[in-house]
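Thanks for passing this one along. Here are my notes, in the order I'd go through them with you at the screen.

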Amino acid sequence: MIGLKRGTVKLCDHQKEWEIEAQNTISRLQKILGSVIKGIQHVGSTSVHSIKAKPIIDIALAVDNFDDILAFEKELRDNGFYYRPNSNIENQLLFASGSIYDGTGDLQTHFIHVVLTNSMEWINYINFRDYLNSTPSAAKAYEDLKISLAQKAPVDGGREKYLKGKHDFIVYTLRKALVKSYLGKTVYIKIDRPIGSAHPKYPELIYPINYGHIPNILGGDGEELDVYLLGIDIPVEEYKARIIGIIHRHNDVEDKLVAAPEGFEFAQKKISEAVHFQEQYYESEIELCN
């Protein structure tokens, strides 16, 4: 089954048909848009292999400029993809498919979320899917929440309540998915608090290690994602290093990454000692790269 009446909340068991339909849709869009597409993937609940979902296919499509895809609005419409300019989704464009749009029925079947290349919106779509597919406990918790919300929602008009009910879970999961996605990766770090510098709000706190962030990647607090850099004993302004761990904060809205030069490894105890100067004020645990 693919498609739901607008405003209806109905969950179905996962179906292999969803992935087939998603790939067919991706192929159709690639034929229409060609090189305008910089990335395109099946996302949303129908892309999570183990959970119930509304039978509507979500596709994330990355472009360098929104005008690039708006130039194809007529071709997209002729092929059943209808631009929804009043969708009120920040930093993206929405196209939709279904019989409700061509006048032959009342079903919505596909949503095409157009975002900018390498934007946080693109990163979040991919990370959310990948994290749920690789973390069964999180996928099950999401399914349980969706089932509970669907049971409370009326048949008509319950979509907004359903979406609001998922909000906190999605925000938290995106936070965890983001830091998890960096484990083992080599990243460029901008150091804004080098060894020997003082905390901007608490001048008595002096940084014994280099501390910075990954530029243009926003963490759970809405600021750039922070990184502790170990293994470098002099102040630096920037560094390319491998992410070797995550500091999961339980009483804060953000988590921290831990990096070291390629070939350097640190035991959990050593990391804990190195970051204690700041992490002592939080309840946290350290996850190491396998």
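How many residues does helix α5 have, and how far does it reach from its first C-alpha to its last?

1. Before the answer, some housekeeping. This is a predicted model, where local features need pLDDT of at least 70, side-chain atom pairs count only at pLDDT 80 or more, and totals for chains, interfaces and linings use all residues. Residues are numbered from 1 along each chain as its sequence is written, and side-chain values use heavy atoms, with hydrogens and water left out.

2. Now for α5. It covers residues 120-134, so to speak 15 residues, and reaches 20 Å, close to the 21 Å expected at 1.5 Å a residue (1.5 Å times one less than the number of residues). Helices (H or I, at least four residues) and strands (E, at least two) are DSSP runs, numbered from the N terminus. Buried residues of α5 include Trp 122, Phe 128, Arg 129 and Tyr 131; buried means under 20% relative accessible area with a 1.4 Å probe, protein chains only.

3. Next, the largest pocket, with about 1800 Å³ of space. A pocket here is an open set of points on a 1 Å grid over the protein atoms alone, where a 1.4 Å probe fits, with protein on both sides within 12 Å along at least five of seven lines; lining residues have an atom within 4 Å of a point. The volume is the space filled by probe spheres set on the points. Of its 46 lining residues, Ile 89, Gln 92, His 113, Tyr 125 and Ile 170 lie nearest the centre. Helix α7 gives the largest share of this lining, eleven residues.

4. The second largest pocket holds about 520 Å³. Arg 193, His 199, Tyr 211, Lys 256 and Gln 278 are the closest to its centre, out of 21 lining residues. By class, that lining has six nonpolar, four polar and eleven charged residues (Asp, Glu, Lys and Arg count as charged; Ala, Val, Leu, Ile, Met, Phe, Trp, Tyr, Cys and Pro as nonpolar; the others, Gly among them, as polar). Strand β9 supplies the largest share, three residues.

5. Finally, have a look at His 213, in strand β9 (residues 210-218). His 213 is buried, at 10% relative accessible area. Its side chain makes polar contacts with those of Asp 192, at 3.1 Å, and Glu 224, at 3.2 Å. A polar contact is a pair of N or O atoms within 3.5 Å; within protein, one must be able to donate a hydrogen and the other to accept it, and residues adjacent in sequence count only if both atoms are side-chain atoms.

Methods: Buried < 20%, exposed > 50% of the residue type's maximum accessible area, 1.4 Å probe, protein only.
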